[in-house]
Amino acid sequence: MSPKKSYEIGVKLTGISDTRIKAYPSTKGVANVAVLKKVNVKATGVKTEVTYIMIDVFTTAKTSSSPMRQSS
C-alpha cells in the first residue's frame with residue numbers, strides 16, 4: 001500500500017440480521033483499518049508493502065441453549 005493513500009471497501013451483508021464486522025490488515029504496521037458504520041471498511045496505507053485487508057463477519061444472534069430431546 002502507498003503511505004497515506006486510503007481505500008474504502010463496501011460490505012453488503014444479506015440473510016443474517018444481527019452481524020458484526022471485524023477488519024484488519026494481514027501484515028501489522030502496513031495499513032490502518034477501520035470499520036465505518038458497519039457497512040464500509042477504510043484502509044489507509046502506513047508504509048509501502050503488500051498486505052491483504054481481512055474482513056471477518058460474526059453473527060450476534062442468540063441461539064437456543066436448550067438440550068435436544070430424543071423421541072422414543
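This briefing covers the fold, surface and selected residues of one protein chain. The model is predicted. The protein chain has five strands and zero helices. The structure holds one salt bridge, and a search of the whole structure finds zero aromatic pairs.

**Fold and overall surface**

- Read from the N terminus, the elements run β-β-β-β-β.
- β1 spans 6-10 and β2 spans 19-25.
- Further along, β4 covers 40-45 and β5 covers 53-59.
- Of the 72 residues in the protein chain, 17% are buried.
- The accessible surface of the chain is about 6,000 Å². Carbon and sulfur atoms account for 52% of that surface.
- Take the contacts between residues at least 6 apart in sequence: 65% of them join residues at least 24 apart.

**The salt bridge and K47**

- The salt bridge joins the side chains of K47 and E49, at 3.7 Å from N to O.
- K47 lies in the loop between β4 and β5.
- K47 counts as partly exposed because its relative accessibility is 37%, which falls between the 20% and 50% cut-offs.
- E49 also counts as partly exposed, because its relative accessibility is 36%.
- Leaving out residues up to four places away in sequence, K47 touches M1, P3, G29 and V30.
- K5 is 42 residues from K47 along the chain, and their C-alpha atoms are separated by 9.8 Å.

**The nonpolar patch and L13**

- L13, I55 and V57 make a nonpolar surface patch. The area of this patch is about 200 Å².
- L13 lies in the loop between β1 and β2.
- L13 is partly exposed, because its relative accessible area is 34%. That value passes the 30% cut-off for patch residues.

**T19, a buried strand residue**

- T19 has its place in strand β2.
- T19 counts as buried because its relative accessibility is 11%, and the cut-off for buried is under 20%.
- Neighbours within four places in sequence aside, T19 is in contact with L13, K38, V57, F58, T59 and T60.

**K4, a positive phi**

- K4 has its place in the segment before β1.
- Phi of K4 is near 70 degrees, a positive value in a residue other than glycine.
- Most residues other than glycine have a negative phi.
- K4 is exposed because its relative accessible area is 77%, and exposed means over 50%.

How values were computed
Residues numbered from 1 in each chain as written. Predicted model: local features only at pLDDT ≥ 70, side-chain atom pairs only at ≥ 80, totals over all residues. Heavy atoms only, no water. Phe/Tyr/Trp six-rings, centres within 6.5 Å; stacked < 30°, edge-to-face > 60°. Patch = residues over 30% accessible without salt bridge, like charges linked within 9 Å, V, L, I, M, F, W, Y side chains within 5 Å. Areas by Shrake-Rupley, 256 points an atom, 1.4 Å probe, with all protein chains shown as cover. Salt bridge = Lys/Arg side-chain N within 4 Å of Asp/Glu carboxyl O. Helix = DSSP H or I, 4+ residues; strand = E, 2+ residues; numbered from the N terminus. Buried < 20%, exposed > 50% of the residue type's maximum accessible area, 1.4 Å probe, protein only. Contact = heavy atoms within 4.5 Å.
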